[in-house]
Amino acid sequence: QQQQQQQQEYGQLQQQQQQPSSHQQAPPQQQAPPPQQAGGPSGAGGGADARLVLEKCTACMNKAEEVVLRSPQLLNASLSSLPQGHDLAQLIMQARLLVAQSPAREEAGVAYAQKLCRRLYDGGKFARCQLGVEWITASLASINDVAKRVSKEVTTWIAFSDNDRRLNKDMTVALVNSRVLQLNSPDYVREMVKLMDMGRNQPAVDFFVGLLSHSLVDKRAITTADCVGLLEALTKIAQATRGKPSDPVIRLLEEARGLARSGAQAVPQPGVDAKAKQMLAGAAPPQAAQAGKAKEAPDPPGLREQVQFALEKWVLQIQSNDDRGVLQFMQNLLDQGWLKGDDITDRFFRISVEVCADRCTQQLADASMQGIAYVQIDALSKLVLMLVRYLEEWNRSTTLTKQSLLNKALATTVRVMHAHHKERKTAFNQKPFHRLLMRLLLDLTDAMPEAMIFSFADALQACQPRLVSGFSFAWLELVSHRSLMPRLLHAKASKGWTAFHRLMISLFKYMEPYLRNADTPEPIKLLYKGTLRVLLVLLHDFPEFLCEYHFSFCDAIPPSCIQLRNLILSAFPRQMVLPDPFTPQLNIDLLPEITKPPAILSPFTQALAASPLRPELDKFLKGRGANAFLSSLQQHLLLPSQAETAAAGTRYNTPLINSLVLYTAAHAISQNAATGGPQGGKDAVTRGPSMEVLRKLCRDLDTEGRYLMLNAIANQLRFPNSHTHYFSCVLLALFQQASDHLIEREQITRVLIERLIVNKPHPWGLLITFIELIKNPTYDLWRHDFVRSSREIEQLFQSVARFCLTQHSGGQGGAAGEEAGMTAAKG
C-alpha cells in the first residue's frame, strides 16, 4: 500500500510539473521532476522567498550553460582543469549562498535541485558535454551541503523514474561520485531490487555490477557500507542463479568482501577533489569536510575520557620498558573493541590525535613544559608502530591489515589537521602534526618500507600547502626528508616518481601566485629558499627526474622565477658527459647525442588536446591545412574570460602556448627523422609548416604573448638532444629573419640574457645558443640600438659577452674566469 501511494503521489507530481525552461522545451513525459515540488508548509512568505531564490539560482544555471556553450574549447574540458576563480566556480558559489541565506533554505534547495535534475536529463547540449555534467553534479553537491533534503529527494526521484533514467550509467556514476545519490536509501534499494527481478532482468543486473565495479572497486568513491543493500541483492541473485552465476557478479562480490575485510575507506576522486579545491574556492577541502562529518555525529558518552585515560596509561607503560605489559595493553585495546576496523576505530584514532595535539600545543605555550611537550605525540606514534609490528599476533580480532591500519592513522592525522587549521586559522600550530608525521615516518621505515612510502606521499598530498597553508614549512621538510624523498625516487620501476612529481607540482602551484609578483611576503621567500635547496639536491642526486618532468615543472613556475627554472633545465642524465660549451670551434651537429630525442614523462600534449586548436594544427602540420589557420591562431591562445585572466595573471593560456611550441617542434623532428632528412640546422628550421607556425606566432603576437612564446622555446634549451638542437636553431633563425621587426630581436636577446645573469647553473643549450649569437657575425648583435639603450644595459651586455667569449677564447678559463664574469655581470 505504501508503494502504491508513493507511485500515485509521483504520478500526481508529474501531472503538476511546471513547464520546461525556455532554453530547453521538451514534452512533459520527457521531463524528470523530483517527487516533491517547491512550496509547502513554510507559509506564503517562505514560498515567495523560495520562488525568488529559485529564479536567481535558475539564472545562475542558465548563465553557466551560456558560458560553456559559447566557448567550444570548454565542451571537452573538466572542472578540475579550469583555474581557480573561474566564472563557473563563481556561479556555483553564488547559487549556494542564495540558498544558504534563504529563510526557506530546504524548500529553495529542493526546488533548485529539481531544476538541475531536469537539465541533467533533458538531452540538451549542456547535459551531453563533460563539463556540463560535472557542473550540474557539483552544483547539486554544493546545494546538498546547505539543504540536507536535496540528496534524499534526488535519490527518491531517480528510484521512481523510468528505466532510461535509472539505468543511465554516466549520469548515475556522476551522481554517486558526488555523493548526491544515496545507494543505501530504502526506497532506492527496494525499487532496484524489483528492477533486477532476482536476476531475470539481465541488463539491470549488468548495470549495477558495472556501477559498483566502477565506483566501489576501481575508483573507491564509495565504501561497502554505502551500498550494502545492492550487494546483498546481488548476493541473493548469485545464490539463486541456477547453474553457475556470471563471472562479473562473482568478481564484484569477492572484491567487495575483500574491501570490507581491509576496512578500505573512500578516497577523493580526481574530479571531485579538484572541484573542491579549485572550483569551489573557499569551501572546505575534502579531508576537512570528512572531519566535519565525523564531528556531526557525537561520540558515545564517555568515549573521549576513556581514550584519554588509555593514552595516559600507555605513556606510563612505554616508560616502564616492560614488553609484556605493552602487549597486554594492546590486547586490552582489542578487548574493548577499539581496534576492530569499524567506526569505533576511526573515533579512537581521531580522539587520540586530537588529545595529543591539544596537549602538545598547550605545553609548547608554557616555557616550563616545553621539555615534555612531545611525550604524548611520541607515545601515539609508538602505539601505531607496535600495532603494525605485532599485527600477526592479534589479526584474528580485527579486520585491519598493516596497510589499512597505517592508512587510518595517517588519514585521521590529516583530517584533524584540516579541522584545526580551519578553526584556529592564524593561531594554528604546525609543530604537533609535524612531530607526529615525522615520528611515524621514522618509526615505520623498517616495519613496512615499500607500502609506507606511498601512504605517506598520499597523506602529504592531502595536506599540501594549498589546502593547509599553515603547515607549509613542516610539509616541505617532510617531503624532502631523507627517509621519504630518496625512497620514493629509488622505488622499483620508478613507481615513486609520479607521487613525488605530484608533490612538487603542488608546491609550485601554491607559490606561483606569490612569486608572480615582485612584492613577495617573507614567509614565501623562506619557502622559496627551501625549494631551491630541494631542487639542488634533486639536481645532484636525481637529475633524470628533473630531466623527464621538466615540462610540467616549467608549466607551474611563473616566468619571473628564472633561477628556479634554470636549476631544472640544467639537469642532464648522469651517464652523459657534457661537452664544454666554451670549446673553440665546437660543432654541435657532430655530437652523437644531438640526434636523440629526450625522454619526457610530462603529458606535454594535454593542454593542446583539450583545445579545439589540435585538429586544425594537425592538418596544417601534415600539409593539408589552409592559411586561414595561421590567421586565427593567436585568438586560440587567449583566455576566454576576465576571471581566468585575473587568476592566471596574463591574457594568454601559458600551458597551451608551451604545449603548442613543443608539439610543433616534436612533429617537425619526427618528420625529418622519418624521411631521413636533417633533424636540426638551417634546412630544418627555415622550411616546413612547423617553422611557419613559430614564425607566425613570433611576428603576430603582442609583446606579452611573444615573451611567453620565446620562453617556451628557451625552456627546451637543455642538455644535448634533438630538441635542444632544433630550438637553438629556431631561435637563431627567428633572430636572423626578423629584419623588419626589431622588437622581436630585442625580446629574443632578453629571454636569453636574463637567464644568464642569474647565479649558476646555466643550461648547456642556453650557453651554446647565446655564444653563437654574440660571436657569429651573421647575426651582428652589437649593431642593434637596444644593446646600447642605456649605460647600464651596455655594461651588462659587455659583462656577459666577456664572460662567454673569454671562456671561449681560452683566455681566463676555468672556474675563476666564470666567477669573474658573473661578478661583472651582477655589477
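Let's start where α18 meets α19. On the α18 side, the residues are F348, F349, S352, V353, V355, C356, A357, R359 and C360. Facing them from α19 are Q376, I377, L380, L383, V384 and L387. By class, this contact has 12 nonpolar residues, two polar and one charged. Keep in mind that this is a predicted model.

Now the geometry. Helix α18 covers residues 343-365, and helix α19 covers residues 375-389. Their axes lie 8 Å apart, at an angle of about 155°. Angles over 145 degrees count as roughly antiparallel, so α18 is roughly antiparallel to α19.

Next, the cores. Which residues touch the most other members of the largest nonpolar core? They are F471, F500, F508, L538 and F545, in a core of 103 residues. Helix α26, residues 495-515, supplies the largest share of this core, with 11 residues. Take F508. Beyond four places in sequence, F508 contacts T531, L535, F553, A556, I557, L564 and I568. Another core lies apart from the largest one. That other core has 78 residues, including L54, V176, Y188 and A233.

Last stop, Q317. This residue sits in helix α16, residues 303-319. Is Q317 buried or exposed? The relative accessible area of Q317 is 16%. The cut-off for buried is under 20%, so Q317 is buried. Setting aside neighbours within four places in sequence, Q317 contacts D322, G325 and V326. One more distance: F329 is 12 residues from Q317 in sequence, and their C-alpha atoms are 8.1 Å apart.

Key:
Residues are numbered from 1 along each chain as its sequence is written. This is a predicted model: local features need pLDDT of at least 70, side-chain atom pairs count only at pLDDT 80 or more; totals for chains, interfaces and linings use all residues. Side-chain values use heavy atoms; hydrogens and water are left out. Helices (H or I, at least four residues) and strands (E, at least two) are DSSP runs, numbered from the N terminus. Buried means under 20% relative accessible area, exposed over 50%, partly exposed in between (1.4 Å probe, protein chains only). Contact means heavy atoms within 4.5 Å. A nonpolar core is a set of buried Ala, Val, Leu, Ile, Met, Phe, Trp, Tyr and Cys residues joined through side-chain atoms within 4.5 Å. Axes are lines fitted to C-alpha atoms, for helices over the stretch in contact, and angles run from 0 to 180 degrees between N-to-C directions. Angles under 35 degrees count as roughly parallel, over 145 as roughly antiparallel, 65 to 115 as roughly perpendicular and the rest as oblique. Ala, Val, Leu, Ile, Met, Phe, Trp, Tyr, Cys and Pro count as nonpolar, Asp, Glu, Lys and Arg as charged, and the others, Gly among them, as polar.
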